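Good morning, everyone, and thank you for coming.

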Amino acid sequence: MPHPTRFDWQRWLPGLVTLLHYKAAWLPKDIAAGLVLTTMLVPVGIAYAEASGVPGIYGLYATIIPLLAYALFGPSRILVLGPDSALAAPILAVVVQYAASDPQRAIAIASMMALVAGAFCVIAGLLRLGFITELLSKPIRYGYMNGIALTVLISQLPKLFGIKVDSEGPLRDLWSLGQALYAGQGHWPSFVVGAGSLALILLLKPFKRLPGILIAVVLATLAVSVFNLNQMGVKVLGQLPQGLPGFVFPWVSDIDLVEVLLGGIAVALVSFADTSVLSRSYAARLKMRVNPNQEMFGLGVANLASGLFQGIPISSSSSRTPVAEAAGSQTQLTGIIGALAVTLLLLVAPNLMQHLPNSALAAVVIAAALGLFEFADLKRIFRMQQWEFWLSFTCFVGVAVFGAIPGICIAVVVSVIEFLWDGWRPHHAVLGRADGLRGYHDMQRYPQARRIPGLVLLRWDAPLFFANAEQFQNTVMAAVDASPTPVQRVVIAAEPVTSIDITSADMLAELDRALEGRGVELQFAEMKDPVKDKMRQFELFEHMGEKAFHPTVGAAVDAYLEESGVDWQP
């Protein structure tokens, strides 16, 4: 049995465990993959930072530090972390509201959100809450991400046209852009550069081994430099600061901290949802196991590190991770090599990207946003279950109209309502014996099924809890009243009942007394042992007696026929 201390550090530092058992044969592949990855890290990091409302240099800071942190604390050997297009909208929503066009305030606010997101993920990982993102159903996730994609796309359109628009929400921004274009304010050289970059990225996207983003960005930068397009009004990135980020605890006092808190939690949920899906996908492909709680912890540490070193919130990347894999990445050392290469760039050649046009960066983000849209599976959902499609559409509209932060609140509320609705009015069935079929079946589906005189068999297809307790009681009483023969006993086929709470337990006690007053016994069949334990805890099991609980519906029927003397043949 391993020593407890050894077990602990191995669990919390899986990357270090990998590096301690590193094989020399992996090194050339990891170095090559890290250098290839760097060609994506730089333009994408800058683009997503600009899309989040902060200067591009902070996107590189948020690339270097999180990659180093995740290499130690992250469980996946292949995942690449950094600024992400899906996080741009919730970050921008808070930054724009309080930064007042001040870059220093903007990065301080974004770094505060990174600390909130990191703390949330670390605490959730320690408490083993890695399952929480599963509380959002697939249609609701689609709706939210489609809304985020539209929000990100709209936020970048003004930069594509070389127009400055004060952000007031996705739809209002789109209206302002339309008015500006109608008034002739569009800067068409910027648009040509940006639209050309976007077209090239999309054209090269099917060719997985070609770095389409890098090619488009390099060509756009060369075009600006060779033809002096910056002198024609094409806005460029400009000179990056030389050097590395320092340790800074971010703080801005004169803002609504609740907005920062909600924004950080929204970022954490989106970030972990994306990271967990991507991590599981690559773990299955590489035949590895990934602990979702450790994944959340590693993601949290990476966000904390980003926030403390002048970075923005980060997530896993569905565009950079495949690049690392295709280049032959073997371990987390690939991310370390990429981080060191970006560091070298900032120390030695910070002016290399000074002619990078802003419209080309907007094209990078727009291309990523287009990849976030999900339509194909929504068509399938609409065909199979329309009400879930409309739930998805509601979340989409919520994000598109009200913005990313209110949108995720709407998504969570709708998800809770969806869950409660399913349990509030669950399916139930009165059972009978259908000729030619074993067991007892729904009388509505088998109207020719035979009922046992004096016995009501009722199946309840949900847990019993406060929201459906009264409905259950009314259903049982209605089934007794609708029986074609005087009822002596009600047996609840309780196999689908996975839990009860104190409200439903009190309801069962009241129902038992009400039925007893009418000369009717209440009994149960196929109740799970954990639910029986709850019945004991709520003092119902002893009150009703052992004989009120039967192992199967058939055993309950046999006991009733024997005790009542009813002449009935199965």
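I will go through the aromatic pairs and then turn to charges placed over rings.

Please keep in mind that this is a predicted model, in which local features need pLDDT of at least 70 and side-chain atom pairs count only at pLDDT 80 or more, while totals for chains, interfaces and linings use all residues. Residues are numbered from 1 along each chain as its sequence is written, and side-chain values use heavy atoms, with hydrogens and water left out.

A search of the whole structure gives 16 aromatic pairs, where rings of Phe, Tyr and Trp (its six-membered ring) pair if their centres lie within 6.5 Å, and planes under 30 degrees apart count as stacked, over 60 as edge-to-face and the rest as tilted. One of them joins W188 and F191, whose ring centres are 5.6 Å apart with planes at 85 degrees, so this pair is edge-to-face. Both residues belong to helix α9, residues 188-204, and being three residues apart there they are separated by about one helical turn; helices here are DSSP runs (H or I, at least four residues), numbered from the N terminus.

F389 and W390 also make an edge-to-face pair, at 5.1 Å centre to centre and 80 degrees between the planes. F389 counts as buried, at 18% relative accessibility, whereas W390 is partly exposed at 43%; buried means under 20% relative accessible area, exposed over 50%, and partly exposed in between, with a 1.4 Å probe and protein chains only.

Finally, the charged end of R433 sits over the ring of Y440, 5.1 Å from its centre, which requires NZ of Lys or CZ of Arg within 6 Å of the ring centre and within 35 degrees of the ring normal.

Technical notes:
Helix = DSSP H or I, 4+ residues; strand = E, 2+ residues; numbered from the N terminus.
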